[in-house]
Amino acid sequence: MILIADGGSTKCDWALIQGNKVQKTQTLGLNSTVVSQSEIKNRIAANKILMEAAPEISHIEFFGAGCGSARSRLSMSDILGEFFPNAKIEVVEDTVGAVKAVTDQEAIVCILGTGSNSCYFDGKNIKQPIASLGYVIMDEAGASHFGKMLIRDYYYNRMPVEIRGEFEKGFNLNREEILFKLYKEPSPGVYLASFSTFIFKDNLHQLYHPYFKELINNALELFVQNRILTFPQSREVPIHFVGSIAHFSKDSIGEILEKHQLKLGKIVRYPIDELIRKYQKPQVS
């Protein structure tokens with residue numbers, strides 16, 4: 001049995017694959033740069049499906065946010081080894097999973113989820129000349145970026161009155177609460193990302209309000225300038241996107257890329273579904 005995982009900061013999608021049989025499950029996020037080792041263990045241990053299948057798992061492919069360094073990969077590998085002792089374990093960065101999910105050809109592949117990232121894939125190797133420094137400094141157009149912008153606009157009184165009222169109904173905007181969540185509790189990036197649900201919902205009518213449209217376009221423009229146009233190949237290859245924010249803002253992505261004369265490739269909301277197709281083996285008769 002193969003176990004694959006697409007591990008983000010907010011959630012981690014898992015798939016158990018045995019021939020044509022697939023069982024999907026989910027845990028809270030397992031980004032080791034923002035979640036402690038003990039909490040990562042608690043989150044895995046709490047998943048009954050994973051624990052019951054553990055003895056049968058022979059191979060694990062873990063694509064994880066926060067797994068960009070050798071140290072973080074080793075740490076995650078050790079944790080997984082405790083739960084899945086019979087498995088050969090491979091831990092790589094989430095960008096590797098993103099590439100596998102969308103292409104086997106030369107391309108630029110972008111992640112727009114809780115955070116954001118991009119890489120260039122030459123058909124064989126992934127190149128990331130710009131390191132990711134997370135929600136405090138980077139993560140343009142990620143959910144945490146949008147959460148930050150919403151809170152700023154609310155406190156700077158830049159949010160339109162009708163939107164401000166709706167925002168107050170949906171979230172605790174008490175100053176002390178926000179400060180405590182940002183500076184005292186773990187995973188402040190995930191906390192900021194939670195505010196982005198005010199913009200990105202399955203009912204997308206709010207995206208067409210001029211305020212939201214400008215917010216999204218400004219964030220995407222920053223992402224394109226910093227994370228796409230910095231690649232010399234940006235005007236020559238397709239540009240693929242994965243993640244929920246990419247899915248919900250696909251119209252704006254298309255507009256911004258067209259403005260810069262860039263070629264839009266695929267937009268995939270859930271990489272795990274595409275990864276399942278890559279790893280699934282035909283049933284042996």
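Glutamate 168 is partly exposed, with a relative accessible area of 38%, where partly exposed covers values between buried (under 20% relative accessible area) and exposed (over 50%), computed with a 1.4 Å probe and protein chains only. The model is predicted, so local features need pLDDT of at least 70 and side-chain atom pairs count only at pLDDT 80 or more, while totals for chains, interfaces and linings use all residues. Residues are numbered from 1 along each chain as its sequence is written, and side-chain values use heavy atoms, with hydrogens and water left out.

**Salt bridges**

- Side chains of opposite charge can pair when their charged atoms come close.
- A salt bridge is taken here as a side-chain nitrogen of Lys or Arg within 4 Å of a carboxyl oxygen of Asp or Glu, and by this rule the count comes to 13 salt bridges.
- Glutamate 168 takes part in one of them, with arginine 164 as its partner and an N to O distance of 3.8 Å.
- The two residues are four apart in helix α6 (residues 161–170), and are therefore separated by about one helical turn; helices are DSSP runs of H or I with at least four residues, strands are runs of E with at least two, and both are numbered from the N terminus.
- Arginine 164 is also partly exposed, at a relative accessible area of 22%.
- Another salt bridge joins lysine 213 and glutamate 255, whose closest N and O atoms are 3.3 Å apart.
- This pair links distant parts of the chain, since lysine 213 belongs to helix α9 (residues 210–227) and glutamate 255 to helix α11 (residues 250–259), 42 residues apart.
- Glutamate 255 is partly exposed, with a relative accessible area of 41%.
- In helix α12 (residues 271–279), glutamate 274 and arginine 277 are three residues apart, which means a separation of about one helical turn.
- Their closest N and O atoms lie 3.2 Å apart, in a salt bridge.
- Glutamate 274 is partly exposed at 23% relative accessibility, whereas arginine 277 is exposed at 55%.

- Strands of a sheet pair through backbone hydrogen bonds, either parallel or antiparallel.
- Two strands are said to pair if DSSP finds at least two bridges between them.
- Strand β6 (residues 107–112) runs antiparallel to β7 and is joined to it by six bridges.
- Three residues separate β6 and β7, which form a hairpin.
- Across this pairing, valine 109 stands opposite cysteine 119, and cysteine 110 stands opposite serine 118.
- Strand β7 also pairs with β8 in the antiparallel sense, over two bridges, and phenylalanine 121 stands opposite isoleucine 126 in β8.
- The hairpin of β7 and β8 has four residues between the strands, and glycine 123 in this hairpin takes a positive phi near 105°.

**Buried elements**

- How many of the six residues of strand β7 (residues 116–121) are buried? Six of the six are, so the strand is largely enclosed by the rest of the structure.
- Ser116, Ser118 and Tyr120 point one way from β7, while Asn117, Cys119 and Phe121 point the other way.
- Helix α4 (residues 94–102) is mostly covered, with seven of its nine residues buried.
- The buried residues of α4 include Asp94, Gly97, Val99 and Val102.

**Threonine 25**

- Threonine 25 is found in strand β3 (residues 21–28) and counts as buried at 13% relative accessibility.
- Its side chain is joined to that of asparagine 47 by a polar contact of 2.8 Å; such a contact is a pair of N or O atoms within 3.5 Å, where within protein one must be able to donate a hydrogen and the other to accept it, and residues adjacent in sequence count only if both atoms are side-chain atoms.
- Not counting residues up to four places away in sequence, threonine 25 touches Cys12, Asp13, Trp14, Asn47, Ile49 and Leu50, with contact meaning heavy atoms within 4.5 Å.

**A nonpolar surface patch**

- Leu133, Val136 and Ile137 form a nonpolar patch on the surface, with about 320 Å² of accessible area together.
- Patches are made of residues with over 30% relative accessible area and no salt bridge, joining like charges within 9 Å and nonpolar side chains (Val, Leu, Ile, Met, Phe, Trp, Tyr) within 5 Å.
- Accessible areas come from the Shrake-Rupley method with a 1.4 Å probe, and for residues only the protein chains shown count as cover.
- Valine 136 lies in the loop between β8 (126–127) and α5 (143–155) and is exposed, with a relative accessible area of 57%.
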